[in-house]
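Reader: Please show me the structure. I have some questions about how its parts are placed.

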Amino acid sequence: MPEPGRRPAIAILATGGTIAGAQSARPGLGYVAGTFDIGQLLAAVPGLSTIAELHPEQIANVGSQDMRHEVWHALAMRVRALAADAAIDGIVVTHGTDTLEETAYLLDLVIPAGKPLILTGAMRPATALSADGPANLYAAVALAAHPQARGRGALVLLNEEIHDARGVQKIAAAGLAAFASPDRGLAGLMHAGEPVFYRPAHGSAARVAPWRHAPLADPAQWPRVGIVYAHADMQADVITFMAERCQGLVLAGVGDGNATASAMQALADAAARGVAVVRASRTGRGRVGRNVEVDDDGLGFIAAGDLNPQKARVLLMLALMSKPDQATLRDWFDAA
Ligand code: SIN
């Protein structure tokens, strides 16, 4: 943290999204994400430079549905460098809300949990009446500048609510209250420009894993991990198709991470051929427990616990970079 009298130095890494979006001139099309650059976003937030010394950078300018591994890699490398830079006190990432939880979890896994790292976005484009982006950005910078945000890994801040990257989910396609942490609850709130945290910082000691400090491979080398979404009368051929193309599969299963008998058999066949198979739930909350309803150990599956499918995909992809055996992979999921 800065010496007394110096404003905290906050890096702001922009990646696009609705926070940088403009309403479209085309009739019928609501808005286009990733239109404004970081300079324009900052100009829309009066007073921001009075609370922090700002260091803006444009990493990408995309709608987050187009968040590619190349951008993740560039962002993670930059955040790692800034995390190690003594001249920077905190980091803010602006991001589209659609895949924000995945990026937050990826960064949470690959960055040591020291310096404040805050991801934010907006549900309304920058040109909308009562756009939420400027208030979210202001709050994110205030949070990144606050000493209590240290040691918490990546945090997500929207709508005055602070979430841990591990537990946050986008739960609504529209509306300002689009984010929740259904199983683990809010990490805290912003109140009168200050964070109120509901639990102590966790640090990173208990979360040692190879991907946290190891060099991040070139994205072309990242294992391909797909998500298969279960439903009534699910057919096995979808799984066979994906298993031929992926090193890892995550089942977004019904209920407790389940699927039709034929789909489960296809997953077991894939696991027997060396594809890493993780069972998660499509329900949005609750735990998928090992060997509870499905014989995970017998069939070669990993249970995702309370990681949702999209976050289980991120963890599995990072884990597979180290080519772990099944027991190690299970341990990493249990500890995640
Ligand atoms: C996006 O994720 O880039 C579009 C939606 C949003 O930011 O709210």
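Reader: Why is helix 4 described as largely enclosed by the rest of the structure?

Author: This is a predicted model, where local features need pLDDT of at least 70, side-chain atom pairs count only at pLDDT 80 or more, and totals for chains, interfaces and linings use all residues. Residues are numbered from 1 along each chain as its sequence is written, and side-chain values use heavy atoms, with hydrogens and water left out. Buried means under 20% relative accessible area (1.4 Å probe, protein chains only), and helices are DSSP runs of H or I with at least four residues, numbered from the N terminus. Helix 4 (residues 100–110) is largely enclosed because the number of its residues that are buried is eleven of the eleven.

Reader: How are the planes of Trp211 and Trp332 arranged?

Author: Rings of Phe, Tyr and Trp (its six-membered ring) pair if their centres lie within 6.5 Å; planes under 30 degrees apart count as stacked, over 60 as edge-to-face and the rest as tilted. A search of the whole structure finds one aromatic pair. The ring centres of Trp211 and Trp332 are 5.0 Å apart and the planes stand at 85°, so the pair is edge-to-face.

Reader: How far apart in sequence are the parts that this pair ties together?

Author: Trp211 is buried, with a relative accessible area of 7%, and Trp332 is buried at 18%. Trp211 belongs to helix 6 (residues 210–213) and Trp332 to helix 11 (residues 326–335), so the parts tied together are separated in sequence by 121 residues.

Terms used: Buried means under 20% relative accessible area, exposed over 50%, partly exposed in between (1.4 Å probe, protein chains only). Helices (H or I, at least four residues) and strands (E, at least two) are DSSP runs, numbered from the N terminus.
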